[in-house]
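Trainee: I would like to learn how to read a model of a protein, one feature at a time. Could you take me through one?

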Amino acid sequence: MLRTHFGPLPDRRKRSRTLHPLLSLIFLALAGTLTGARGWDELADFADERKDWLAALIDLPKGPPSADTIRRAFEAMRPRAFADAFAAWAEALAGALRGQVVAADGKAVRGAVEHAGANNPLHLLHVWATDQRLLLGQRATNGAPGEAAALVELLAVLELKGATVTTDAGNCTRAVAHAVREAGADYLLCLRGNRRALHDRVRALFEGPGKPPPTTSYVACSRGHGRHERRRVLALGLEGTPAADARWAGLRTAVRVERTRTLGGRTSTEVRYYITSLPADARALATKIRAHGSVENQLHWSLDVGLAEDACPIRKGHGAENLAAVRRMALTLLQRDTSHQGGLVRKQKRAALSPTYLLHLLSLGTP
């Protein structure tokens, strides 16, 4: 499976310094990351400790590679080519996405900071299949403002027919809406003041004088960890209203979500608005809006807490971005494993102790 999608990657290292095949080093990095290795030195330690096991699986003609050898290989790879190979690998693992939520959101890799600018971490946009808990693709961006353009690029290459793409307010743009529709999917975009004119028209539909009744409404309550939450969702078809805007491809419905939360005797209320190409079914839209939180809870949180991403100090050249893609491959395999009920950290420790379990994890990368 790795050979199919990563084998064609061009090897841009100098031939005189090429000691090991690129595909072997990618396999080594993925296997090492599954055991909890972070950075070039720990990957080299893994290769040295598991040299006999690795030799039976991959071609390492000069023995275990050094940290510098691994580093040079990952710094030489073009991140876009590696990200595209990752997306093709993920697409092969994914089932049909029709009717499912695909959440787009960005994350800063805090440990990957350039020496000259401690406030400029690597920033990656993720496209996450919430039901399948599968990262479909990623792009490096120039911070949050660059996410929308990166999302348009990813939407053009991912197979998302029949899915619903959700985003936060930063990615609520006409270009994103158009790209989603071109991909054969629907969109559900959070709408805030960054789209002031449309935001004000939508808000007036729900709160202004002479407001029309909502097409549908839905109320859901939940309790947990001492918190009580009530969500009231109103959906309104936009045909014939002041908020109807043909410049937004396929725009059909406006949504108002009022969330009231009580915790420790204190109550707070938050109101958000959304626009969508889906019909005005408040209950179905409420489910999809809540599903968007999966990208934070199951992807970003898992990367930070389970794989300690922010503790990884790799920051030179393209190495940080390419190694981040390997971490996401490792997370995919760890989350797909159902043979062991422990959390991510426990699974990594088991993989470090058991070559059999490690090989089992790697086998999950084949559909």
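Trainee: Does Arg 133 count as buried, partly exposed or exposed, and at what relative accessibility?

Mentor: The general idea is a scale of relative accessible area, on which buried means under 20%, exposed means over 50% and partly exposed lies in between, with a 1.4 Å probe and protein chains only. Arg 133 has 36% relative accessibility and therefore counts as partly exposed. Before we continue, note that this is a predicted model, in which local features need pLDDT of at least 70 and side-chain atom pairs count only at pLDDT 80 or more, while totals for chains, interfaces and linings use all residues. Residues are numbered from 1 along each chain as its sequence is written, and side-chain values use heavy atoms, with hydrogens and water left out.

Trainee: Where does Arg 133 lie, and what is its phi?

Mentor: Helices (H or I, at least four residues) and strands (E, at least two) are DSSP runs, numbered from the N terminus. Arg 133 lies in the loop between strand 2 (117-129) and strand 3 (134-141), and its phi is near 50 degrees, a positive value in a residue other than glycine. Ala 308 is not a glycine either, yet has a positive phi of about 50 degrees; its place is the loop between helix 11 and helix 12, and with a relative accessible area of 14% Ala 308 is buried.

Trainee: Which residues of helix 8 are buried, and on which side of the helix do they lie?

Mentor: In helix 8, which runs over residues 174-182, the buried residues are Val 176, Ala 177, Ala 179 and Val 180. They cover an arc of only 165 degrees around the axis, which puts them on the same side of helix 8; the arc is that of the directions from the helix axis to the C-beta atoms. Their cover includes helix 7 (147-157), strand 4 (164-167) and strand 5 (186-191).

Trainee: What is Val 176 in contact with, leaving aside its neighbours within four places in sequence?

Mentor: Contact means heavy atoms within 4.5 Å. With those neighbours left aside, Val 176 is in contact with Ala 148, Leu 151, Val 152, Leu 155, Asn 171 and Leu 189, and its relative accessible area is 0%, so Val 176 is buried.

Trainee: How many of the residues of helix 5 are buried, and what do they pack against?

Mentor: Seven of the 10 residues of helix 5 (residues 67-76) are buried, so this helix is largely enclosed by the rest of the structure. The seven are Ala 67, Thr 69, Ile 70, Ala 73, Phe 74, Glu 75 and Ala 76, and the buried residues of helix 5 pack against helix 2 (22-34), helix 3 (39-49) and helix 12 (319-336). In helix 3 the buried residues are Gly 39, Trp 40, Leu 43, Ala 44, Phe 46 and Ala 47, and their packing partners are helix 2, helix 4 (51-55), helix 5, helix 12 and helix 14 (355-363).

Trainee: How far apart in space are Ser 302 and Val 345?

Mentor: From C-alpha to C-alpha, Ser 302 and Val 345 are 9.8 Å apart in space, while 43 residues apart in sequence. Ser 302 is found in helix 11 (residues 294-306) and is buried, with a relative accessible area of 5%. Leaving aside neighbours within four places in sequence, Ser 302 has contacts that include Leu 331, Gln 335 and Leu 344.

Trainee: How many helices and strands are there in the protein, and how compact is it for its length?

Mentor: The protein has 14 helices and nine strands. Its radius of gyration is 23 Å, close to the 21 Å that the globule rule gives for 367 residues, so the protein is as compact as a globular protein of that length; the radius is taken over C-alpha atoms, and the rule is 2.2 Å times the number of residues to the power 0.38. Buried residues make up 52% of the 367 residues, and among contacts between residues at least 6 apart in sequence, 64% join residues at least 24 apart.
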